[in-house]
Amino acid sequence: MREMVESVATNHYYLASMLLFVIGFHTMLTHSNLVKKVMGLNIMETAVFLFIVSSGYIEGAKPPIAEGPWDRGPFVNPLPSALILTGIVIAVSLTAFALSLIVQMYRFYGSLDADEIARIRLEEGGEQSSWKTRRLW
């Protein structure tokens with residue numbers, strides 16, 4: 001039991017990232033509001049970012065900037081941080097694109113509720129309904 005408590009205490013970053021991921025996944029599954037689904041996706045992305053960055057952390061290590069040839073010792077792995085910068089740019093782009101689609105869907109259907117949008121689509125004739133007949137703006 002003591003070993004398990006020590007393991008959780010030393011790996012609390014992993015535990016936090018798993019908890020955030022579950023919260024985001026739960027938000028995406030249980031809410032029918034499209035904006036809340038995007039927020040759940042952002043929470044899940046943040047959890048993945050935290051997990052990857054914490055995997056490159058070494059207790060007591062220095063930043064990966066050498067001050068000279070005599071500077072030896074453990075360094076923090078810079079690769080996860082570099083990958084996460086790219087991931088953040090992709091996440092922001094995905095969020096902006098999703099929100100722009102949500103705005104267009106609101107203009108088209110008049111609702112942000114995914115269940116309501118599905119009901120409207122079925123009433124209009126299913127998947128074959130013409131989107132050209134409705135005015136977007």
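**Exercise 1. In which helix is the place of Ser17, and is Ser17 buried or exposed?**

Solution. The model is predicted, so local features are taken only where pLDDT is at least 70 and side-chain atom pairs only at pLDDT 80 or more, while totals for chains, interfaces and linings use all residues. Residues are numbered from 1 along each chain as its sequence is written, and side-chain values use heavy atoms, with hydrogens and water left out.

Step 1: Ser17 has its place in helix H2, where helices (H or I, at least four residues) and strands (E, at least two) are DSSP runs numbered from the N terminus.
Step 2: Ser17 counts as buried because its relative accessibility is 3%; buried means under 20% relative accessible area, exposed over 50%, and partly exposed in between, with a 1.4 Å probe and protein chains only.
Step 3: When neighbours within four places in sequence are left aside, Ser17 is in contact with Ala47, Leu50 and Phe51, contact meaning heavy atoms within 4.5 Å.

**Exercise 2. Describe the overall make-up of the protein chain.**

Solution. Step 1: The protein chain has 5 helices and 0 strands, and along the sequence its pattern reads α-α-α-α-α.
Step 1: Of its 137 residues, 20% count as buried.
Step 2: The protein chain exposes about 10,100 Å², of which carbon and sulfur atoms supply 69%; accessible areas come from the Shrake-Rupley method with a 1.4 Å probe, and for residues only the protein chains shown count as cover.

**Exercise 3. Which residues make the nonpolar surface patch, and which element gives the most to it?**

Solution. Step 1: Met1, Met4, Val5, Val8, Leu15 and Met18 make a nonpolar surface patch of about 640 Å². Patches are made of residues with over 30% relative accessible area and no salt bridge, with nonpolar side chains (Val, Leu, Ile, Met, Phe, Trp, Tyr) joined within 5 Å and like charges within 9 Å.
Step 1: Helix H1 (2–10) and helix H2 (12–30) are the elements that give two or more residues to the patch, and H1 gives the most, with 3 residues.
Step 2: Met4, which lies in helix H1, is exposed because its relative accessible area is 52%.

**Exercise 4. Which residues are linked in a network of salt bridges?**

Solution. Step 1: A salt bridge is a side-chain nitrogen of Lys or Arg within 4 Å of a carboxyl oxygen of Asp or Glu, and by this rule the count is 2.
Step 1: One joins Glu116 and Arg119 (2.2 Å, N to O), which both lie in helix H5, 3 residues apart.
Step 2: Another joins Arg119 and Glu123 (2.4 Å, N to O), which both lie in helix H5, 4 residues apart.
Step 3: An α-helix has 3.6 residues a turn, so residues three or four places apart point the same way.
Step 4: Glu116, Arg119 and Glu123 are therefore linked in a network of salt bridges.
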